[in-house]
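The following exercises are to be worked through with the sequence and the structure at hand. Each task is followed by a solution in steps.

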Amino acid sequence: MREIVNVILYQNRTGCQWEFLPHDRPPPGAVKYYFYLWRDQGTDQDIHDLLRWHLREKRKRLVDPGLVVLDTQSVHAAVGVPADTTGKDVAKRVPGRKRCLTVDVLGLVMDCVVLPASAHENTAGIALLDGVAGQCGTVTEALVDQGFEKSVVEHGKNVGIDVEIAERNPAEKGFVPQAKRWIVEQTNGILIFYRRLVRDYEHRPASSRSLALWAMTSVMACRLTRVPPPLLEDCMSENPQITAVLEYVETRERELADQAAQLRVRIEELAAQLGEFDAECENLRVTRKTFLALPAPAPPKSRTAPRRRTIPPTSRFSTHSPPPSSRCGRPTCARRSTCRSSRRTPRAHDPS
């Protein structure tokens, strides 16, 4: 039976299918048989309640609480879930089922109800109040959020429970957790760690409720078996290896402390050198500014080239030039107009 319980807790935490359970454990058919049997007989509820009472006594509280907190959580449903057991939460836009919880001030589940997501908060609140009133008669006060309406308050008076709607302060902005009522949100967050509860895969709401109870059973078992760590002196007296390790750690700490001191001295020296370099750079910067502020020297005077004497062009029929009839008739002469041969008197033909 202990192996059957271990497999149920394993499947609830990992979220695997029944057919993919580890092969070194009991067969899936046997595990499913006992899971459904304990669900129908209420054995899962009895185990859960026994652990809850034990944990409350360990925390020095009464077995049954006097204050409870109510809240709902909408989760998506798997593809194979029947449509008649599911709905759509219009406010949260979640198609699936609504998991309704009643917890005490320690976050332990008192009762769990699974409804279609389309169910109103009042329906869930009335079902939870009936379940709490039927289990224990010590509950006298219940806290709910603003999603619940006056019908839940009136029904609480009929069963002897004072229902208080915790309203949010309109002056507060952002997320502000409300004292005592926020403990149910913490429980919802813990249940999400169990991957079988992240999405509702069960065909019957009773199976979803049973898985939620098994998840809280695992949480309470871990809290009950939590052993405080032993004192260091006791461990050192029992195991000499721990003493050797501690001595090595102390020696290593001293060495690291000395290295850190040397590094600090070196850092101070480098900081002083860096200050000197900065001062020298500042002096060079000032010198450069001063040099740039000096007036620019005047450009040297350039020599002007001497003017060339321009001779006006001589007219073709100038008085200084011979007449066209007396010019040189040689075609090879380049200076016809000024050639001296044009001024000479032509000599007589010498036949010799």
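## Exercise 1: A surface patch

Tyr248 lies in helix α9, which covers residues 240–293; helices (H or I, at least four residues) and strands (E, at least two) are DSSP runs, numbered from the N terminus. The model is a predicted one, in which local features need pLDDT of at least 70 and side-chain atom pairs count only at pLDDT 80 or more, while totals for chains, interfaces and linings use all residues. Residues are numbered from 1 along each chain as its sequence is written, and side-chain values use heavy atoms, with hydrogens and water left out.

**Task.** Determine whether Tyr248 is buried or exposed, and state which residues make the nonpolar surface patch with Tyr248.

**Solution.** 
Step 1. The classes are buried (under 20% relative accessible area), exposed (over 50%) and partly exposed (in between), with a 1.4 Å probe and protein chains only.
Step 2. The relative accessible area of Tyr248 is 58%, so Tyr248 is exposed.
Step 3. A patch is made of residues with over 30% relative accessible area and no salt bridge; like charges are joined within 9 Å, and nonpolar side chains (Val, Leu, Ile, Met, Phe, Trp, Tyr) within 5 Å. Accessible areas come from the Shrake-Rupley method with a 1.4 Å probe, and for residues only the protein chains shown count as cover.
Step 4. Val245, Tyr248 and Val249 make a nonpolar surface patch of about 300 Å².

## Exercise 2: The chain as a whole

**Task.** State how many helices and strands the chain has, and describe its surface and contacts.

**Solution.** 
Step 1. Nine helices and six strands are found in the chain.
Step 2. Of the 352 residues, 33% are buried.
Step 3. A contact means heavy atoms within 4.5 Å. Among contacts with a separation of 6 or more, 59% are between residues 24 or more positions apart.

## Exercise 3: Paired strands

**Task.** State which strands pair with β5, and in which sense.

**Solution.** 
Step 1. Two strands pair if DSSP finds at least two bridges between them.
Step 2. Strand β1 (residues 67–76) is parallel to β5, with three bridges. Leu67 has Glu141 in β5 as its bridge partner.
Step 3. Strands β5 (residues 141–144) and β6 (residues 162–165) also run parallel and are joined by four bridges. Between them, the chain passes through helix α5 (residues 150–159) in a right-handed β-α-β crossover. Right-handed means that, with the strands pointing away from the viewer, the path from the first strand over the helix to the second runs clockwise.
Step 4. Ala142 has Val163 in β6 as its bridge partner, and Leu143 stands opposite Glu164 in β6.

## Exercise 4: Salt bridges

**Task.** Describe the salt bridge of Asp200 and Arg97, then that of Glu269 and Arg266.

**Solution.** 
Step 1. A salt bridge is a side-chain nitrogen of Lys or Arg within 4 Å of a carboxyl oxygen of Asp or Glu.
Step 2. Asp200 and Arg97 form a salt bridge with an N to O distance of 3.3 Å. This pair links distant parts of the chain, as Asp200 is in the loop between α6 and α7 and Arg97 is in strand β3, 103 residues apart. Both Asp200 and Arg97 are buried.
Step 3. In the salt bridge of Glu269 and Arg266, the N to O distance is 3.2 Å. About one helical turn separates Glu269 and Arg266, because they are three residues apart in helix α9.
Step 4. Glu269 is partly exposed at 39% relative accessibility, and Arg266 is partly exposed at 43%.

## Exercise 5: A buried serine

**Task.** State where Ser208 is placed and which residues Ser208 is in contact with, leaving aside neighbours within four places in sequence.

**Solution.** 
Step 1. Ser208 belongs to helix α7 (residues 205–224).
Step 2. The relative accessible area of Ser208 is 6%, so Ser208 is buried.
Step 3. Apart from neighbours within four places in sequence, Ser208 is in contact with Arg97, Val114, Leu197, Asp200 and Glu202.
Step 4. Two of these residues, Arg97 and Asp200, meet in the salt bridge of Exercise 4.
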